[in-house]
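Student: Hi! Could you walk me through this structure? I'd like to start with pairs of charged side chains.

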Amino acid sequence: MPTSGRPAYVVGVGMTKFQKPLTKQWDYPDMAREAGAAALSDAGIPYSKVKAVVASYCYGEPTSGQRAVYELGLSGVPVFNVNNNCSSGSTALMMARRLVQSGVEDCVLALGFEKMEGGLSERYTDRTSPVGRHMSHMVSLGASPGVIQPNMNDMTSDVIKLFAYAAREYMQKYPSVMVDDLVEIAYKNRKHGLNNPYASLPRLPSRDVIRQKSMLCYPLTMGMTAPTADGGAAAIVCSESFMKANKLEDKAVEIIAQHMVTDLPSSFEKSYIDLSGVGMARMAAERCYADSGLQPGDVDVLEVHDCFSSNELLIYEALKLAPPGQGSDLIRNSSWRRNANGGDVCVLNGRWVVNPSGGLESKGHPIGATGLAQCAELSWQLRGKAGKRQVDGARVAMQHNYGIGGAAVVTMYQKYGQQVSSKL
């Protein structure tokens with residue numbers, strides 16, 4: 001199987017319960033302490049064995065990563081702070097993996113956290129916005145300028161519009177796609193979230209409520225949207241020699257492929273869909289399949305960036321789960337199955353379970369932590385430790401995380417000692 005550098009393994013994961021912003025009295029060091037301690041406990045190692053830390057967050061001052069990880073100890077290790085908007089957590093994971101692959105470090109903690117201010121926002125308005133080019137291009141394609149609701153700031157409004165116009169473009173290109181398909185994806189994710197104790201929205205609205213709750217920008221309603229959240233998540237990434245020396249074979253999940261793609265010329269051409277990162281995701285997925293030697297049919301369980309249910313639909317096709325224009329067939333041909341732990345999971349087209357955690361739509365979206373929360377869920381799935389969310393027999397997992405500005409990160413995982421060969 002083609003690889004790049006030494007193998008790297010996730011051997012411990014942890015996360016906090018995600019909370020609606022401003023509803024809990026805690027700060028980002030509290031989130032980091034809880035998530036980091038949980039990951040260390042999961043791996044069964046002390047913080048003194050961690051040789052470096054990669055911290056991900058967006059709404060915080062420089063060196064917040066140091067202040068956060070000092071809750072776990074003062075060991076003098078290098079701390080690298082990363083910010084890639086909503087893909088920050090996956091960026092931290094990727095940096096941790098590459099440090100291990102390089103041979104420079106044998107155990108790295110990726111630690112993500114976010115204390116949100118409510119909606120999305122930009123703090124520095126006296127300089128060029130890093131997403132200004134994207135939003136200006138969106139308007140040049142025909143999107144209406146200005147906010148979509150009087151009480152909504154420009155950034156939140158522009159992000160909603162970008163994904164709404166991408167959904168409209170897709171539905172115009174493929175007229176068989178209906179709003180009901182977006183409703184069903186949101187319903188699936190919210191039902192999955194009922195079994196996730198870390199989710200900030202552990203309630204199941206009806207399909208009618210999802211369809212009708214506060215139209216934001218057609219076709220997207222509030223019920224199809226991932227809420228912002230506060231919280232933290234962490235993953236411990238290590239080398240094979242460290243894993244074996246510490247007898248972590250039963251915990252080890254190998255990252256078998258991982259790619260980040262930033263904006264391409266197509267991002268700024270004539271498509272809202274490509275402006276919203278779908279082409280970037282497609283390229284990252286193609287590279288992961290090539291590196292792993294696996295195909296879409298070999299994947300069992302996925303966590304994808306469902307900031308809006310329409311984006312999950314587009315990502316089905318970007319990750320090659322369906323041909324162009326046929327992503328809606330996956331949700332239409334889905335069925336709920338009872339797993340060995342007594343939980344219900346939705347199987348798409350008889351093959352894939354997507355967002356068994358409930359996705360961003362159920363968990364909420366603390367943007368510095370989301371990518372690492374996805375990693376935690378998939379690690380639990382491949383270790384058979386996901387409880388009522390468990391995808392029975394899961395052997396290969398795939399993750400998609402996207403941040404406007406932009407970066408799409410796709411990652412593939414496989415349980416240590418369970419070699420999978422492509423079915424094709």
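**Charged pairs, rings and a helix**

Tutor: Happy to! Asp208 and Arg211 make a salt bridge, with their closest N and O atoms 2.6 Å apart. Keep in mind that this is a predicted model.

Student: Where do Asp208 and Arg211 lie?

Tutor: Both are in helix α7, three residues apart, which is about one turn of the helix. An α-helix has 3.6 residues a turn, so residues three or four places apart point the same way.

Student: OK, helix α6 then. How many residues does it have?

Tutor: Helix α6 has 15 residues, numbered 179-193. From first C-alpha to last it reaches 21 Å, close to the 21 Å expected at 1.5 Å a residue.

Student: How many residues of α6 are buried?

Tutor: 11 of the 15, so α6 is largely enclosed by the rest of the structure. Among the buried ones are Leu182, Val183, Ile185, Tyr187 and Lys188.

Student: Why does Lys188 count as buried?

Tutor: Because its relative accessibility is 1%, and buried means under 20%. Glu312 is buried as well, with a relative accessible area of 0%.

Student: How many salt bridges are there in the whole structure?

Tutor: A search finds 20. Some join up: Asp30, Arg33, Arg67 and Glu71 are linked in a network of salt bridges.

Student: Switching topic: how many aromatic pairs are there?

Tutor: The count comes to seven aromatic pairs. In one of them, the rings of Phe163 and Phe308 have centres 5.3 Å apart and planes at 35 degrees, so the pair is tilted. Phe163 is in helix α5 (residues 154-173), while Phe308 is in the loop between β9 (301-303) and α11, 145 residues apart. Both of these Phe residues are buried.

Student: What about Tyr165 and Tyr272?

Tutor: They form an aromatic pair that is tilted, at 5.1 Å centre to centre with 40 degrees between the planes. Tyr165 lies in helix α5 and Tyr272 in helix α9 (residues 272-275), so the pair ties together parts 107 residues apart in sequence. Both Tyr165 and Tyr272 are buried.

Student: Which residues form an aromatic cluster?

Tutor: Tyr28, Tyr57 and Phe113 form one cluster.

Student: Last one: what lies over the face of Tyr165?

Tutor: Arg168 does, at 4.3 Å from the ring centre. Back in helix α6, buried Tyr187 has Arg207 over its face, at 3.8 Å from the ring centre.

How values were computed: Residues numbered from 1 in each chain as written. Predicted model: local features only at pLDDT ≥ 70, side-chain atom pairs only at ≥ 80, totals over all residues. Heavy atoms only, no water. Helix = DSSP H or I, 4+ residues; strand = E, 2+ residues; numbered from the N terminus. Expected span 1.5 Å × (residues − 1). Buried < 20%, exposed > 50% of the residue type's maximum accessible area, 1.4 Å probe, protein only. Salt bridge = Lys/Arg side-chain N within 4 Å of Asp/Glu carboxyl O. Phe/Tyr/Trp six-rings, centres within 6.5 Å; stacked < 30°, edge-to-face > 60°. Lys NZ or Arg CZ within 6 Å of the ring centre and 35° of its normal.
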